[in-house]
Amino acid sequence: MMASHQVTMEKTSARKESSVWQGVEQGPEDPILGVTVAFNKDNHPDKVNLGVGAYRTEEGKPLVLDVVRRAEAAIVADRSVNKEYLPIIGLASFCKLSAQLILGADCPAIVEKRTTTVQCLSGTGSLRVGAEFIGKHYHQTIIYIPDPTWGNHNKIFPLGGVSVRKYRYYDPATRGLDFQGMMEDLHSAPSGAVVLLHACAHNPTGVDPTPEQWEQIRRLIRSKKQLPFFDSAYQGFASGSLDRDAAPVRSFAGDGGEMLIAQSYAKNLGLYGERVGALTFVCGSPDVAKRVESQLKLVIRPMYSNPPGHGARIVEAVLSDKQLFQDWTVELKGMADRIITMRHKLFDALKQKGTPGRWSHIVKQIGMFTFTGLNKDQVVFMTKEYHIYMTADGRISMAGLNSKNVHHLAEAIHAAVTRRS
Ligand code: PLA
């Protein structure tokens with residue numbers, strides 16, 4: 001008995017002390033998704049999660065869109081739908097509809113068959129596949145990303161063999177666009193460089209160029225023969241209109257030049273966890289598009305083989321059915337409008353309290369986020385004292401606000417600004 005007990009002890013301690021992974025260091029939490037981890041550990045009844053950009057209803061609950069429920073019910077009822085592997089590039093009809101959604105069905109590049117679209121694992125996966133393709137097949141392996149940008153851009157591109165450089169984008173003094181800085185930096189970026197552009201609702205700043213500024217950006221990028229790579233994660237979320245939010249992408253596609261677009265259905269269809277998105281290449285000729293597609297398959301096959309079916313079938317159903325599509329636009333506008341209402345409620349609450357500082361950017365900024373201008377110390381204070389969770393850069397997800405918690409947030413901001421400046 002004693003002997004076997006001893007053996008067990010030895011085994012246990014051996015397991016504790018020696019591991020081939022002994023040298024593995026504890027990694028840091030993700031700056032965005034880690035906020036949710038911390039939020040989940042907090043038991044305070046008034047806690048608020050304004051970290052990740054995930055839509056919440058006025059009741060503070062996640063939302064499954066009605067059109068998604070209807071599409072899913074139809075898919076489940078359809079006995080001809082099976083669980084076979086999809087092709088490497090995903091569901092063909094989904095790909096076609098996705099390109100039409102972002103580029104417009106009458107886009108010359110689509111009509112001339114100069115595009116190729118592959119279904120990917122949401123926006124992130126689309127960017128990742130695009131990065132690897134650029135690393136393998138494009139002569140310039142430098143991408144210029146806005147400063148600041150969605151943090152994951154910095155990590156995705158180097159993994160594809162593409163090094164990241166920054167262009168000026170945000171001016172903290174005006175809490176608006178540093179247009180001159182952006183133009184100067186793109187002007188001095190090398191010819192052929194890839195330029196990452198947020199299609200709309202820039203994350204984290206909520207600051208987009210005006211249509212006139214977009215036009216100047218387009219001309220500059222084309223004159224420098226740079227390659228635009230659009231990240232479209234919020235189509236419909238900025239203005240409430242799918243077409244209006246796609247205008248910058250469409251103007252680039254309309255000039256006949258080449259480009260890439262990564263699309264996500266996480267936010268606009270609320271399909272966060274289904275991981276459904278698309279990567280589109282607009283090419284110079286149908287022949288090139290075909291060869292690009294053949295190489296995209298070689299990138300995807302050893303990475304994850306082929307994409308999941310369910311989410312793509314939902315998108316396919318919504319985009320191909322007139323009624324579902326129409327109802328989607330109404331639901332989408334509802335989400336965008338609720339966020340805009342929250343912008344006004346927060347702004348009014350701060351004004352009423354006489355909170356020091358200028359807060360008009362809360363109503364001016366666009367899309368899911370407000371880049372508040374609160375510093376790290378103030379963010380830590382708000383989390384500790386008010387159980388409000390947000391990213392350390394002072395970004396708040398407006399979609400997490402509702403009539404009940406907006407005053408709590410205003411109180412927290414007021415306290416942070418008056419006590420921690
Ligand atoms: N691109 C941008 C600009 C994003 O903001 C996000 C998501 C993605 C791509 C990727 O989204 P997807 O892979 O889920 O389609 N940004 C979130 C979530 C909403 C995140 O960080 O993953 C954010 O809170 O910033």
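Student: What should I know before I read the numbers?

Tutor: This is a predicted model, in which local features need pLDDT of at least 70 and side-chain atom pairs count only at pLDDT 80 or more, whereas totals for chains, interfaces and linings use all residues. Residues are numbered from 1 along each chain as its sequence is written, and side-chain values use heavy atoms, with hydrogens and water left out.

Student: Which feature does UniProt place at residues 46–413?

Tutor: The unreviewed UniProt entry gives "domain: Aminotransferase class I/classII large" there; the positions follow the numbering used here, the feature names are shortened, and annotations may be inferred rather than shown by experiment. In the model this span is 46% helix and 15% strand, and its end C-alpha atoms lie 15 Å apart. Helices (H or I, at least four residues) and strands (E, at least two) are DSSP runs, numbered from the N terminus.

Student: How is a pocket found, and what is the volume of the largest pocket?

Tutor: Rolling a probe the size of a water molecule over the atoms shows where empty space is left. On a 1 Å grid over the protein atoms alone, a cavity is a set of points where a 1.4 Å probe fits but cannot get out, while a pocket is an open set with protein on both sides within 12 Å along at least five of seven lines, and lining residues have an atom within 4 Å of a point. Grid points are joined across faces, edges and corners, and a volume is the space filled by probe spheres set on the points. Here the largest pocket has a volume of about 610 Å³.

Student: Which residues lie nearest the centre of the largest pocket?

Tutor: Of its 31 lining residues, L33, V52, T124, W150 and K267 lie nearest the centre. The helix α6 supplies the largest share of this lining, 4 residues, and by class the lining has 15 nonpolar, 10 polar and 6 charged residues. (Ala, Val, Leu, Ile, Met, Phe, Trp, Tyr, Cys and Pro count as nonpolar, Asp, Glu, Lys and Arg as charged, and the others, Gly among them, as polar.)

Student: Why does the largest pocket lie between domain 1 and domain 2?

Tutor: Domain 1 (29–63 + 334–419) and domain 2 (85–320) both give residues to its lining, so the largest pocket lies between them; the bounds come from an automatic or database domain assignment.

Student: What lines the second largest pocket?

Tutor: It is lined by 15 residues, with K113, T115, T116, T117 and E293 nearest its centre. The elements giving two or more residues to that lining are α4 (92–103), β2 (115–120) and α12 (286–304), and α4 gives the most, with 5 residues. The volume of the second largest pocket is about 440 Å³.

Student: In what order do the strands of the sheet run?

Tutor: Strands of a sheet pair through backbone hydrogen bonds, either parallel or antiparallel. Two strands pair if DSSP finds at least two bridges between them, and here 7 strands form an open sheet in the order β2-β10-β9-β8-β7-β3-β4, with mixed pairing. β2 and β4 (163–168) stand at the edges with a single partner strand each, so one side of each is left without a neighbour in the sheet. β2 pairs with β10 (residues 277–282) in the antiparallel sense over 6 bridges, and C120 stands opposite G277 in β10.

Student: Where are the cis peptide bonds of P148 and P204?

Tutor: One joins D147 and P148, with omega about 0°, and P148 sits in the loop between β3 (142–147) and α7. Another runs from N203 to P204, with omega near 15°, and P204 lies in the loop between β7 (194–198) and α9 (211–223). The loop between β7 and α9 also holds A201, which has a positive phi of about 55° although it is not a glycine.
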